Amino acid sequence: VPEGALQSFSTDNGAAWTKPTLLNLCGRSLFLIRSPKNIRWYLSLERAPDGGQLYFHTRVGEAWNAPSPVRDTHWGDFSLSGFAYDSVGRLHIAWCDHREGNPDIYFSLSADTGRTWSRNVRINDDHTGQEQLDPSIAASPDGALCILWDDNRSPHTLFDIYSSNSSDGGTTWSRNKKVNDDSTHTWQGSPHVIFDGKKFCSVWMDYRDVSTSGDARSSIYFSKSKDRGLTW
């Protein structure tokens, strides 16, 4: 029996599913992405000894297009975390990339439904050599973008939530800004951001609170931005 990922679809909210079929796509790990209408998108990771490639797959109807590479290098480990699309059809991907020796946040976009991808852009602007992890990305209908991630550039506060925003569809990005408002030696992580139609909203796991026994307590914290990610 050949190894690989299987696909199955439901058109009645999960009551019934099609017979699983093998996906003959490059890579072993696949991520299914929500998509409009009858288009289906997948991202697959193909590993290599010195790094690997991130591939994007598009299926319309029963036919798959040829996979397109997203990374503009094969060097360095990487992991996928964020994907978004806007109302004009541009696709946006954010991921953690080790091409410079440390985990950084990178971004790429496609303006032709995934056939080609733009030059990869590093989003985090610090040069401390610390870790940046777990990006989440959201897009507004008019093309404004916001990326949040887990950032360790200030070791005295452990990991914080940082953000960067773009008002021109990902061509340029703002300076990084801290989202969580505490300055204690406390971990914040696993951010997620969405656009709710009027503003960007974010949640993350936060350990600033202390339980009755004196131990750190995990809580979910929330912040919103009404100015497309400029302030929180």
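These legends accompany several close-up views of a predicted model.

**View 1**
Welcome to the overview: the protein has 18 strands and zero helices. Of its 232 residues, 46% count as buried. Among the contacts with a separation of 6 or more, 40% come from residues 24 or more positions apart. The accessible surface comes to about 12,000 Å², and carbon and sulfur atoms hold 53% of that area. If you like to look for cysteine pairs, the disulfide count here is zero.

**View 1. Strands β9 and β10 form a hairpin.**
Strand β9 covers residues 91–97 and pairs with β10 in the antiparallel sense over seven bridges. To get your bearings, find C96, which stands opposite I105 in β10. Six residues lie between the two strands of this hairpin. In the turn, look for G101, whose phi is positive, at about 100 degrees.

**View 2. Strand β10 is covered along its length.**
In β10, seven of seven residues are buried, so the strand is described as mostly covered because each of them has under 20% relative accessible area. In a regular strand the side chains alternate between the two faces of the sheet. Here D104, Y106, S108 and S110 point one way, while I105, F107 and L109 point the other way. The residues of both groups are buried. β10 also pairs with β11, in an antiparallel arrangement joined by two bridges. Within that pairing, Y106 has R122 as its bridge partner in β11.

**View 3. A salt bridge links D104 and R122.**
Side chains of opposite charge can pair when their charged atoms come close. In this close-up, the side chains of D104 and R122 meet in a salt bridge, at 3.6 Å from N to O. The pair links distant parts of the chain: D104 belongs to strand β10 (residues 104–110) and R122 to strand β11 (residues 121–122), 18 residues apart. Are the two partners buried or exposed? D104 is buried, with 4% relative accessibility. R122 is partly exposed, at 22%.

The side chains of D97 and R99 meet in a salt bridge, with 3.1 Å from N to O. D97 is buried at a relative accessible area of 0%, and R99 is buried at 17%. Which residues make up the network around this pair? R71, D72, D97 and R99 are linked in a network of salt bridges. In the structure as a whole, there are 16 salt bridges.

**View 4. Strand β14 sits between two pairing partners.**
β14 pairs with β13 and with β15. Strand β13 (residues 145–151) runs antiparallel to β14, and seven bridges join the two. A handy landmark is W149, whose bridge partner in β14 is Y162. With strand β15 (residues 177–178), β14 pairs in the antiparallel sense over two bridges. There, S163 stands opposite K177.

**View 5. The side chains of β14 point two ways.**
Strand β14 spans residues 160–166, and seven of its seven residues are buried. D160, Y162, S164 and S166 point one way from the strand. I161, S163 and N165 point the other way. Each of these side chains belongs to a buried residue, whichever way it points.

**View 6. Three strands form an open sheet.**
Follow the order β16-β17-β18 to trace this open sheet, whose strands pair in the antiparallel sense. The edge strands are β16 (188–195) and β18 (216–225), each pairing on one side only. Neighbouring strands of the sheet are turned against each other by 25 degrees on average, direction ignored. Strand β17 (residues 200–210) meets β18 over nine bridges.

**View 7. A salt bridge joins R208 and D181.**
The closest N and O atoms of R208 and D181 are 2.7 Å apart in this salt bridge. R208 lies in strand β17 and D181 in the loop between β15 and β16, so the pair ties together parts that are 27 residues apart in sequence. R208 is partly exposed, with a relative accessible area of 21%. D181, by contrast, is exposed at 68%.

Technical notes:
Residues are numbered from 1 along each chain as its sequence is written. This is a predicted model: local features need pLDDT of at least 70, side-chain atom pairs count only at pLDDT 80 or more; totals for chains, interfaces and linings use all residues. Side-chain values use heavy atoms; hydrogens and water are left out. Two strands pair if DSSP finds at least two bridges between them. Helices (H or I, at least four residues) and strands (E, at least two) are DSSP runs, numbered from the N terminus. Axes are lines fitted to C-alpha atoms, for helices over the stretch in contact, and angles run from 0 to 180 degrees between N-to-C directions. Buried means under 20% relative accessible area, exposed over 50%, partly exposed in between (1.4 Å probe, protein chains only). Contact means heavy atoms within 4.5 Å. Accessible areas come from the Shrake-Rupley method with a 1.4 Å probe; for residues, only the protein chains shown count as cover. A disulfide is a pair of cysteine sulfur atoms within 2.5 Å. A salt bridge is a side-chain nitrogen of Lys or Arg within 4 Å of a carboxyl oxygen of Asp or Glu.
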